[in-house]
Amino acid sequence: MASRFFRRRRNDEEVMPDVDAGSLEGGPDSSLSSLKQFEKIHRLDPNLPLDELDEVEVALNTRNVEKGAEIEQILAEDNSPYPEVRASVRNFDVDMPVNTIRAWTIGLLLCTIGSAVNMLLSLRNPNVTITTFVIQLVAYPIGLGWDLIFPDRVWNVCGLKFNLKPGPFNFKEHVIIVVMSNAAYGGGALYATDVIIAQEIWYKQSFGWLWQIMFGITTLCTGYGLAGLARRFLVWPAAMIWPANLVNCTLFYALHDHSPSDPSRTNGWSIGRYKWFLVVFAASFAWYWFPGFIFTGLSWFCWVTWIYPDNVLVNQLFGGYSGYGLLPMTLDWSIISGYLQSPLIPPFHAIANVLAGITVFFVFVSMGIHYSGMWYSDYLPVQNVHAYDNTGQVYNVSFIMNENMQFDEAAYHAYSPLYLPTQFALAYGLAFAAVAAVITHVALYHGREIWTQWKLARSQEDDVHMRLMKKYRDAEDWWYGVLFAIMVGLSFAVVCAWDTNFPWWAYVVCMLLPVVWTVPVGIVQAITNTQLGLNVLTEYIVGYMLPGRPLAMMMFKNYGYLCMSQALYFIQDLKLGHYMKVPPRTMFWSQLIASVWSAIIQIAVMNWALANIPDVCSDTQVHHWNCPSARVFFTASVVWGAIGPARMFSGDALYSSLQWFWLVGALAPVVTWFFARRYPRSIWRYVSMPLVFGGSGMMPPATVMIFYCWGIVGTGFNYFLRRRKLGWWLQYNYITSAALDCGLIVSTMVIFFALYMSDIDGPEWFGNTDVLGTLDVLNLAVKTKPAPMETFGPSVWP
């Protein structure tokens, strides 16, 4: 079994298609066997257009060998079977230098700067993040500037020959630079720093630099080992599209290719992608000054609540900040894409599944619960990120901690149980359902493909991109296996060599989570652009397994959740390199070295900030360096590691009924799979229960209004515009998405550094003041408020 999994990727001449034994005898079925295999794999593929699948079935049913060969040539051999991939990724390769001094120097420079700035700004509230889109933009002029400075000549230093400018700066070098930054801080500041800050600031415990660096590196790089071992399932198959990569590919080509478009293929438009990017980028940059500074009411455009700012029911129904947002309107791209990413990226079927889940659970079910008074909802808002006590105030975790910052059960029973806003509580139930649903869904819908990939390694038909990549030497499976083993060994040292209260066996359980869930969650993300997180699952498990150990809880969550999340970041980058034809071995070393270096930089910057910023992480810090992310992490450590899930979800606990969602999540995909098999051309082929349950994973802090605004824009582009102006959509959709995001990010950074960091506030007028004074925005849209010195809820609680 092990030898089968670690089988080396074969060269072209070694590849044997997966065919039936009888077809090898040269009968009439032999030339249709690979097309039959294609049909089996893509029968329920929601991203494959039905007309293409119909043509395949007609050829198979009529046993038309010539037609079958023609279809196979078009769909599998000449290009990708997916139109969005064909429009965004070139089906040929160009030899150009990749592993160059230029790429490594610019990549490590931007990796260092981005890691340091992101880490420092993560301590401030509000904060801003340097994303990989910014790196993609900044790296381009730096690369061109490099070409102006250095000559194209071979240098010889002590017998070592090198060229600082081996030809013009090219898009493959550009990919390496962006991949290094994405591997280092694609998800923001190093997740492990939240644990370290909470440990040092609130738990008054420090293990020193060595432990911090080892903890940071292992949380980042353990996932890399998993990513390499999972790439046969998540990178090599053509069906694993990874829609977000199509935006990056389009932007890379646009920056390096300024040619005009062909009007005959783009519904009459002739403007090139590069010029279109600049136009939309400039418009996005300029426009954000209105919702971001001049008229902030454009962000949460809940005009009904402006008319009735003190009406509880109106603010609950139409408020977008803490209510149902039933008239979703916004003119702020950061509201639309901030939490959920650009709605122009995911396919329409994914958007529809997410909106269905939002409507059913967070509108209809939520209203039924909230207006029936269940879970004491009369005393609580509909939705926000806070937990509450039995007086209706935000839960004060300091009341249940002793002087050593340990959980005090007597103080807990003297204070209050934990109450959650209606939609916050429902979000936990849906998280349970999503975790169960993804396993059942992937087993039913993709089990055959996974088993085939496991058995045959690389011995099956490849798409054009896989065949083009075979010219490059692959990073061997044992490289990733050794890396994973080294990181696991270092992790055992982190867990056991210091007094973490995290037993070794708990770490083993922790690592089983990403090992089991990386491939299923990765398949869902690769098809729909939606990642289902394990954060709630890790909190839930460790809360039962290690009650009363907050530090162990934080470490368990870091290793269990971040390992899978980081593995999927690495896999997404591997697919980007796959699309752009970047040698796999260069990808391996660039990602690994950038990750290790970034972890060291971020740990150093964090320690500098904690030592040199006065009152850092305090609520009263003058310049707002109050560590919002670490504070949330600390609160979660108390809620899940101290109070624990047993007091919230077990036995007679208030939210024990949410445990039924585990069963609902496990069974629901069976129903949809049955109908999809029975009616393969119906709407059931597009239903994905992991998305219905887990697509709302960002709620809270995202709200119903945000999801609806995101869905409206996504439906407009990826359903109506795609159906009516397909040529335009294929040429400009993804570059429009990139331009909107880049303009927003650059504008946000200018406003943040030039104005907010200088304590310059926006103009004082109705659009910046009164619109923010509604019950909705103030989280005060509550039906019943306890009188002073009165409480609600039971007198005795678990």
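User: Before the cysteines: what counts as a disulfide here?
Analyst: A disulfide is a pair of cysteine sulfur atoms within 2.5 Å. The structure is a predicted model.

User: How many disulfides does that rule give?
Analyst: The count comes to one disulfide. Cys 617 is joined to Cys 627, with an S to S distance of 1.9 Å.

User: Which hand does the disulfide have, and why?
Analyst: The disulfide of Cys 617 and Cys 627 is left-handed, because the torsion about its S-S bond is about -70°.

User: Where do the two cysteines sit?
Analyst: Cys 617 and Cys 627 both lie in the loop between α25 (584-612) and α26 (628-643), so the pair ties together parts that are ten residues apart in sequence.

User: Are Cys 617 and Cys 627 buried or exposed?
Analyst: Cys 617 is buried, and Cys 627 is buried as well.

User: Which elements give two or more residues to its lining?
Analyst: Those elements are α3 (50-61), α5 (83-88), α11 (243-256), α17 (348-370), α30 (704-724) and α31 (726-754). The most comes from α5, which gives five residues.

User: How many residues line that pocket, and which lie nearest its centre?
Analyst: The lining has 43 residues, and those nearest the centre are Pro 83, Glu 84, Ala 87, Leu 726 and Leu 730.

User: What is the lining made of, by class?
Analyst: There are 20 nonpolar, twelve polar and eleven charged residues in the lining of the second largest pocket.

User: Last thing, confidence. What is the average pLDDT?
Analyst: The average pLDDT for the protein is 82, and 90% of the residues score at least 70.

User: Where is confidence lowest, and where is it highest?
Analyst: Confidence is lowest in helix α1 (residues 2-5), with a mean of 43, and highest in α17, at 92. The pLDDT stays below 50 over residues 1-28, a stretch with 51 contacts in the model beyond near neighbours in sequence.

Key
Residues numbered from 1 in each chain as written. Predicted model: local features only at pLDDT ≥ 70, side-chain atom pairs only at ≥ 80, totals over all residues. Heavy atoms only, no water. 1 Å grid on protein atoms, 1.4 Å probe; cavity = no way out; pocket = protein on both sides within 12 Å on 5 of 7 lines; lining within 4 Å. Helix = DSSP H or I, 4+ residues; strand = E, 2+ residues; numbered from the N terminus. Nonpolar A, V, L, I, M, F, W, Y, C, P; charged D, E, K, R; others polar. Buried < 20%, exposed > 50% of the residue type's maximum accessible area, 1.4 Å probe, protein only. pLDDT = per-residue confidence, 0-100. Contact = heavy atoms within 4.5 Å.
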